[in-house]
Amino acid sequence: MNQSRKLCQLCGLPLTEDQSFLSLLGIMSTDSNNLCEDCCNQLVLINDIFCPNCGRLQATPEMCFDCIRWQNKGYPLLEHRAIYQYNDVMKTYMQQYKFNGDFLLKDLFNHDLIRLIDSIDKDIVVPIPVSHYTMQTRGFNQVSGMLNGQTLSDILSVTASKKDHQSQFGRRERMNRQQPFALSVSSQLVVGQRILLVDDVYTTGNTMYHAANLLYQAGAKTVKSISLAR
Amino acid sequence: MEIENLYGRQLVCPKIDNSLGNTRTAFQGGVCQRCNQKLVSPLPNDAFYCRACLTLGRVSSLDNLISLPEPNQFNGKVVLSWTGTLTSQQQKVSEDLLTTLALQREHLVWAVTGAGKTEMLFPLIYRALQQKLRIGIVAPRVDVIVELSPRLRAAFAQTDMVTLYGEQTDCYRYTQLVLATTHQLLRFRQAFDVLIIDEVDSFPFAGNEMLTHAVKNAVKVRHTMIYLTATPTRELKKRIKKGLPVSYLPLRFHQHLLPEIQLARLSNWRKKLPRKFRKQLSYLVETNKRFLVFVPKVSDLKPVQETIRRWFPRMHGDFVHANDKHRQEKVQSMRNENLQYLVTTTILERGVTFPGIDVIILGADDEMFTENALVQIAGRVGRKSDCPTGLVLAYVEHVTLKVKAAQRQIIQLNHLGEKLRESI
Ligand SMILES: [Zn+2]
Ligand SMILES: [Zn+2]
Ligand SMILES: [Zn+2]
């Protein structure tokens with residue numbers, strides 16, 4: 001067996017020769033350079049029809065039911081955009097990068113994220129923070145990790161010292177949880193700013209709306225958000 | 001965590017968590033203390049983690065390793081619920097193994113495919129269980145462990161055991177008998193009085209530094225180590241010459257000889273599977289034979305199976321490879337005879353028994369098939385006493401030295417087997 005051959009960073013299978021050829025021609029973006037054809041094909045770009053407020057891939061371009069609920073609760077809508085659908089291959093990526101802590105995988109979607117950030121008007125880019133416990137165990141913030149090369153403003157911190165992963169809670173419990181974030185800088189730095197929030201995955205919107213709410217209260221001019229997956 | 005779940009284990013625990021057990025630092029001079037490799041990758045704030053053993057859950061400089069000494073807290077009550085009998089040759093090997101246990105040393109069992117290695121182990125396992133020893137039975141490949149597990153459960157119905165493989169971490173219990181892939185040994189430390197390594201010559205164990213370390217680390221200072229193989233590596237053969245005790249068994253348990261490898265020429269099969277191949281298959285279809293088709297590469301699987309399906313649309317078949325999510329299910333349906341054929345890579349070359357099958361190898365001269373792989377593949381055929389023979393057909397573009405050597409190895413084993421048969 002040829003040991004020197006490059007392996008797919010997600011499934012571990014060897015990359016084929018035609019693939020290096022494709023990337024040579026620039027048909028594939030440099031991000032997917034480390035993924036095999038199979039994994040690449042499973043990635044679903046959200047670029048066609050999606051909910052205008054949460055970026056969910058769907059059949060119609062109208063606002064989805066979840067977003068109507070946020071609106072009814074009185075939250076200013078986020079115009080959230082996500083790059084990929086949160087499907088099996090994205091779950092595998094999150095499992096390996098975030099939960100198994102393989103920090104080397106941080107750059108896999110770096111270009112995709114930077115490109116999207118560049119296309120949005122904003123004054124500062126704010127990553128969703130992780131708890132002190134996560135920093136002491138995982139050792140990194142998975143959002144900041146993916147944003148290598150982008151100037152970030154770490155103005156949020158996690159207040160609830162929770163070890164538990166969000167996925168352990170039922171949907172309703174998640175929605176009812178208290179504000180998990182606090183401002184870690186003076187609110188003068190927020191006043192009048194157009195802020196772009198970044199998270200890895202948008203699931204219920206709970207995280208983003210809590211963070212946005214806090215920033216609006218501190219005087220932010222606008223708050224928009226993006227995530228790698230939805 | 002139950003304190004007994006730490007007996008003989010080495011688990012990862014974040015430094016900031018309170019932990020039970022004895023704590024060791026996870027890295028020394030950049031060398032991972034779990035897998036003994038120096039392959040670290042950085043984390044922010046000068047932290048780092050080991051990439052060599054990452055699949056078993058990350059070890060980082062933010063962690064400690066925790067463990068407790070193995071106390072052999074077992075009651076020694078054991079019932080052998082196996083009712084079969086050993087052939088006289090199997091009996092002799094199993095006696096060798098009891099001697100090995102008494103002397104606490106290393107021993108190699110070199111037995112042809114289908115010799116009935118598992119049954120030969122039963123007397124050894126029985127005695128070791130009685131002596132309250134902790135026993136590990138490991139193999140490099142998950143299929144081997146999956147197939148071994150129900151047979152051991154049946155043979156020692158009263159004995160609690162766990163089967164460990166893959167990324168599962170939830171099902172571990174403290175048991176006297178542990179079945180696991182060799183990778184899982186990275187989670188043990190001085191746990192086993194007896195360690196049996198099946199298919200010791202196979203990938204990914206053979207020549208793998210990390211797994212060799214895992215084995216050394218998982219046994220107690222005083223231990224018995226049994227290696228099982230049908231096709232020893234050159235290194236093992238060297239060790240035999242230097243005095244590693246060995247038992248040979250060149251004859252299958254049903255006393256029939258190994259099926260020999262037949263050769264046929266087939267060129268350009270990747271472009272278009274020739275009529276010759278179709279004719280061979282239609283013969284198998286007519287006689288209702290079940291079969292495996294081995295191909296060199298993962299990328300060959302789909303086109304080959306699609307062609308077979310187009311030719312014989314009513315015949316149920318599938319293809320399977322190492323990273324296949326449904327691998328276990330597919331192998332199980334082949335076992336249950338719900339599938340008539342499987343197209344496969346070398347992952348099914350060993351450890352699996354499908355009664356009464358024939359085997360076809362496409363591109364047998366490809367570098368993916370080693371001499372020993374071809375011998376193992378041939379060994380899938382004729383494993384049951386009611387169906388002791390069958391077809392092993394290797395298609396080649398060129399007759400290579402390697403293919404010749406595999407043919408010769410089987411002929412030599414059969415020669416030894418014949419002599420043994422005459423001597424009884
Ligand atoms: Zn892949
Ligand atoms: Zn929506
Ligand atoms: Zn390691």
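**Metal sites and cores**

Let's start with the zinc ion (ligand 1): Cys8(A), Cys11(A), Cys36(A) and Cys39(A) coordinate it, each through SG, at 2.2 to 2.3 Å. Bear in mind that this is a predicted model. What is the arrangement of the donor atoms around the zinc ion (ligand 1)? It is tetrahedral, because the 4 donor atoms subtend angles of 102 to 116°. Along the chain, the donors are spaced C-x2-C-x24-C-x2-C. Look at the pair Cys11(A) and Cys39(A), which links distant parts of the chain, 28 residues apart. Cys11(A) sits in the segment before helix 1 (17-24) of chain A. Cys39(A) sits in helix 2 (residues 37-42) of chain A. Cys39(A) is at 6%, so it is buried; the cut-off for buried is under 20%.

Staying in chain A, the zinc ion (ligand 2) is next. Its donors are the SG atoms of Cys51(A), Cys54(A), Cys64(A) and Cys67(A), at 2.2 to 2.3 Å. This site is tetrahedral too, with angles of 106 to 116° among the 4 donor atoms. The spacing here is C-x2-C-x9-C-x2-C. Cys54(A) and Cys64(A) are 10 residues apart, and both are in the loop between helix 2 and helix 3 (65-72) of chain A. Both are buried.

A word on chain A overall. Its secondary structure comes to 9 helices and 6 strands. Of its 230 residues, 46% are buried. Take the contacts in chain A with a separation of 6 or more: residues 24 or more positions apart account for 71% of them.

Now chain B. The zinc ion (ligand 3) is coordinated by Cys32(B), Cys35(B), Cys50(B) and Cys53(B) through SG, at 2.2 to 2.4 Å. Angles among the 4 donor atoms run from 102 to 116°, and the site is tetrahedral. In sequence, the donor residues read C-x2-C-x14-C-x2-C. Cys32(B) is buried, at a relative accessible area of 0%. Cys35(B) is buried as well, also at 0%.

On to the cores. In soluble globular proteins, nonpolar side chains tend to be buried together. Which residues touch the most other members of the largest nonpolar core? Ile125(B) and Ile196(B) do, in a core of 61 residues. Helix 2 (residues 117-130) of chain B gives the largest share, 7 residues. Where does this core lie? Domain 2 (88-249) and domain 3 (262-423) of chain B both contribute residues, so the core lies between them. Zoom in on Ile196(B). Leaving out residues up to four places away in sequence, Ile196(B) touches several residues, including Leu121(B), Leu124(B), Ile125(B), Ile135(B), Val138(B) and Leu228(B). There is also a second, separate core of 45 residues. Its members include Val59(B), Phe205(B), Val215(B) and Cys35(B).

Last stop, the arginine. Arg134(B) is in the loop between helix 2 and strand 9 (135-139) of chain B. Buried or exposed? Arg134(B) is buried, because its relative accessibility is 0%. What lies 3.0 Å from a polar atom of the side chain of Arg134(B)? The backbone oxygen of Thr175(B).

That's the tour. Over to you.

How values were computed: Residues numbered from 1 in each chain as written. Chains lettered and ligands numbered in written order. Predicted model: local features only at pLDDT ≥ 70, side-chain atom pairs only at ≥ 80, totals over all residues. Heavy atoms only, no water. Donors = N, O, S within 2.8 Å, 3.2 Å for Na, K, Ca; no water. Tetrahedral: all angles 85-135°; square planar, octahedral: opposite > 155°, others 65-115°. Helix = DSSP H or I, 4+ residues; strand = E, 2+ residues; numbered from the N terminus. Buried < 20%, exposed > 50% of the residue type's maximum accessible area, 1.4 Å probe, protein only. Core = buried A, V, L, I, M, F, W, Y, C linked by side-chain atoms within 4.5 Å. Domains from an automatic or database assignment. Contact = heavy atoms within 4.5 Å. Polar contact = N/O pair within 3.5 Å; in protein donor to acceptor, adjacent residues only side chain to side chain.
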